[in-house]
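Please look over the sequence and the model shown here before reading the report.

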Amino acid sequence: MKPYFQLHEIALLSLLGALIFVLRLVFKIPIHVPGSSGLVWVLPLIIGVGIVRKPGAGLYMGFISGILASFFGVGALHVLDIFKYLAMGLSIDLTSMLFLYRFSNPMVGFIVGAVGNFTKMLVNFAVQMLFGVQATFILVGITVSATTHLIFGGIGGILAVLILSRLRRAGVITEDDKDADN
């Protein structure tokens, strides 16, 4: 029986999942705008999903980065940070499947990145409400936050598409990588 993910795919997805966590620690964007971290968070997710092109790739990377973030407790939610990362990976998976993994168009990258970053924001707000943060505080900041999450996630998605196209032009990855497994 052939495994769902090949060994090289698991290695790539694991490294990119860990890269999400590392980027969260290393790249602090000092503009103090909500969602600006999505600019770098969606890059490894979309690149991994664009290379592997299998359902569950984003969820796997979200799981890896979520476990690392929860274990090291770098976010405000500590153990519950895993839900943020899982939701982001799942939404990028589902949106990528909707567009049939066609990351040759920057608009597809924008939409996938924006949906991923926006989903992360929604899960973050849901967990805060679970902890008893008053809904009025959340609703006051949600409009600006939603807009900036969509914009920065979309920009990150466009950058990921441009990186994927450069990798394809350089011959690092090809559209027929699945045939190389046999």
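## Basis

This is a predicted model, in which local features need pLDDT of at least 70 and side-chain atom pairs count only at pLDDT 80 or more, whereas totals for chains, interfaces and linings use all residues. Residues are numbered from 1 along each chain as its sequence is written, and side-chain values use heavy atoms, with hydrogens and water left out.

## Helix α5

Helix α5, residues 106-130, has 25 residues and reaches 36 Å from its first C-alpha to its last, close to the 36 Å expected at 1.5 Å a residue. At its start, a side-chain oxygen of N105 comes to within 3.0 Å of the backbone nitrogen of M107, and just after α5, G132 takes a positive phi of about 100°.

## H149

H149, in helix α6 (residues 135-169), is buried at a relative accessible area of 7%, where buried means under 20% relative accessible area with a 1.4 Å probe and protein chains only. A polar atom of the H149 side chain lies 2.8 Å from the backbone oxygen of S145.

## Salt bridges

A search of the whole structure finds 2 salt bridges, each defined as a side-chain nitrogen of Lys or Arg within 4 Å of a carboxyl oxygen of Asp or Glu. One joins the side chains of K54 and E9 (2.9 Å, N to O); this pair links distant parts of the chain, with K54 in the loop between α2 (38-52) and α3 (57-72) and E9 in helix α1 (residues 7-26), 45 residues apart.

The side chains of D81 and K84 also meet in a salt bridge (3.4 Å, N to O), and D81 is buried with a relative accessible area of 0%.

Methods: Helix = DSSP H or I, 4+ residues; strand = E, 2+ residues; numbered from the N terminus. Expected span 1.5 Å × (residues − 1). Polar contact = N/O pair within 3.5 Å; in protein donor to acceptor, adjacent residues only side chain to side chain. Buried < 20%, exposed > 50% of the residue type's maximum accessible area, 1.4 Å probe, protein only.
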